[in-house]
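Student: I would like to learn how to read backbone angles and strands in a protein model. Could you take me through some cases?

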Amino acid sequence: MILRTMGKRISAMGAAASAPCSAAATASVLANQVVRGALALAVAACAVLLALGLAGPAFAEAAATAKPAATAATKAAKPVEITISAAGDCTLGVDSRYNSVFNGYYNRKGAAYFLKKVRPVFAKDDLTIVNFEGTLTTSKNRARKSFTFKGPAKHASILTKGSVEVANLANNHSRDFGAKGLADTKRTLKKRGIAYCQNSTIAYKTVKGVKVAFLGFNELSGVTKAQIKAGIKKAKKAKAAIIIVSFHWGIERDYYPASVQKKLGRYAISCGASLVLGHHPHVLQGIEEYKGRYIVYSLGNFCFGGNTNPKDKDTMIFQQTFTVKNGKLTKKDDARIIPCSLSGSKSTNTFQPRILKGAEKKALVKKMNRLSRGMGVKVASNGRLK
Ligand SMILES: [Zn+2]
């Protein structure tokens with residue numbers, strides 16, 4: 001009974017507080033001493049409840065509207081954390097001259113199957129980027145090369161079902177089916193809400209009020225320092241607080257970065273990249289810390305339809321939480337690797353990356369420490385970078 005009465009009084013107080021501008025008018029109307037007395041009682045009751053931490057939502061709301069300026073100021077000064085996940089080569093199709101196994105998996109198991117086991121990580125972060133190594137097209141105009149990858153447009157839903165928001169298209173397979181193949185791929189990704197980056201095309205994403213830019217360069221077809229510098233400058237001008245630069249580079253099946261990778265990766269950081277992501281070797285390479293930023297030299301394969309049984313199935317998700325304060329990126333960053341296998345089987349590719357645990361996880365952490373030796377990065381047993 002007492003609580004109910006108090007509740008009513010709080011509501012009355014809330015109504016009065018939410019209209020502070022009409023206080024004078026209210027005062028004249030409330031000339032009646034009895035009403036004044038009731039209000040005073042309500043104020044006293046509220047004070048007691050506030051002290052006890054029992055103030056109802058009505059009162060809390062009224063208090064919040066009473067001081068909008070102070071609330072906004074507090075919010076602006078608060079640092080914003082943005083978590084970005086990155087994974088390697090995703091080839092969501094096949095080279096039908098060899099096999100069509102991946103397409104068979106899609107038809108039997110559906111789109112959600114492929115990234116099902118990593119989705120909890122990707123769904124929890126703010127943004128996920130992968131290297132999209134292939135095309136989504138019906139074009140028959142196959143380029144003259146050993147491996148050409150394509151899948152039907154519906155395969156794009158593997159990314160949307162897996163909570164992937166950004167795809168790098170700067171690689172040596174985006175033109176496997178000519179200009180039309182690339183245009184079809186871009187149109188499909190766009191239609192599904194997946195942003196893409198490639199050379200001068202920068203993908204922008206805004207999360208929690210922070211603008212993030214994704215740039216991608218294919219070193220294999222040649223990229224100049226001037227292009228890298230111009231791209232990063234453009235992203236800065238567009239007010240991106242976080243700038244992620246992907247490079248398709250290196251030598252296939254090589255575990256250590258070539259000198260061109262080191263040169264370009266460090267150069268991108270010097271120009272203002274917040275993080276450099278690498279791919280193409282199809283295997284993992286080390287992580288370097290350079291000027292307080294990370295260069296992930298190769299993320300390896302991830303959801304890879306291009307090979308039904310890659311010998312080295314080790315892969316990982318690289319994840320970094322960036323802190324942005326007053327629109328500027330702080331140096332205090334938090335990064336980790338999530339050791340994975342690209343397959344559920346050791347003897348075949350099930351095209352379903354899974355997070356490693358126990359001894360397998362331990363072995364991959366050990367491998368990353370070996371590959372990152374001399375690069376200023378140590379990976380703790382839980383995957384944290386230190
Ligand atoms: Zn490649």
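Predicted model: local features only at pLDDT ≥ 70, side-chain atom pairs only at ≥ 80, totals over all residues.

Student: What is the phi of N326, and where does N326 lie?

Tutor: The general idea is that most residues other than glycine have a negative phi. N326 is not a glycine, yet its phi is positive, at about 50 degrees, and its place is in the loop between strand 14 (314–325) and strand 15 (328–329).

Student: Is H280 buried or exposed, and why?

Tutor: H280 counts as buried because it has 25 C-beta neighbours inside 10 Å, and 20 or more are needed for that. H280 sits in the loop between strand 10 (275–279) and strand 11 (287–290), and its phi, near 130 degrees, is also a positive value in a residue other than glycine.

Student: Which residues are buried on each side of strand 12?

Tutor: In a regular strand the side chains alternate between the two faces of the sheet. In strand 12 (residues 293–296), R293 and I295 are buried on one side, while Y294 and V296 are buried on the other, and both faces are covered.

Student: In which sense does strand 12 pair with strand 10, and how does strand 12 run with strand 11?

Tutor: Strand 10 and strand 12 pair in the parallel sense over three bridges, with L275 opposite Y294 of strand 12. Strand 11 and strand 12, by contrast, run antiparallel and are joined by four bridges, and here Y294 is the bridge partner of E289. The hairpin of strand 11 and strand 12 has two residues between the strands, and K291 in that hairpin takes a positive phi near 50 degrees.

Technical notes: Residues numbered from 1 in each chain as written. Buried ≥ 20, exposed ≤ 12 C-beta atoms within 10 Å, placed from the backbone. Pairing = 2+ DSSP bridges.
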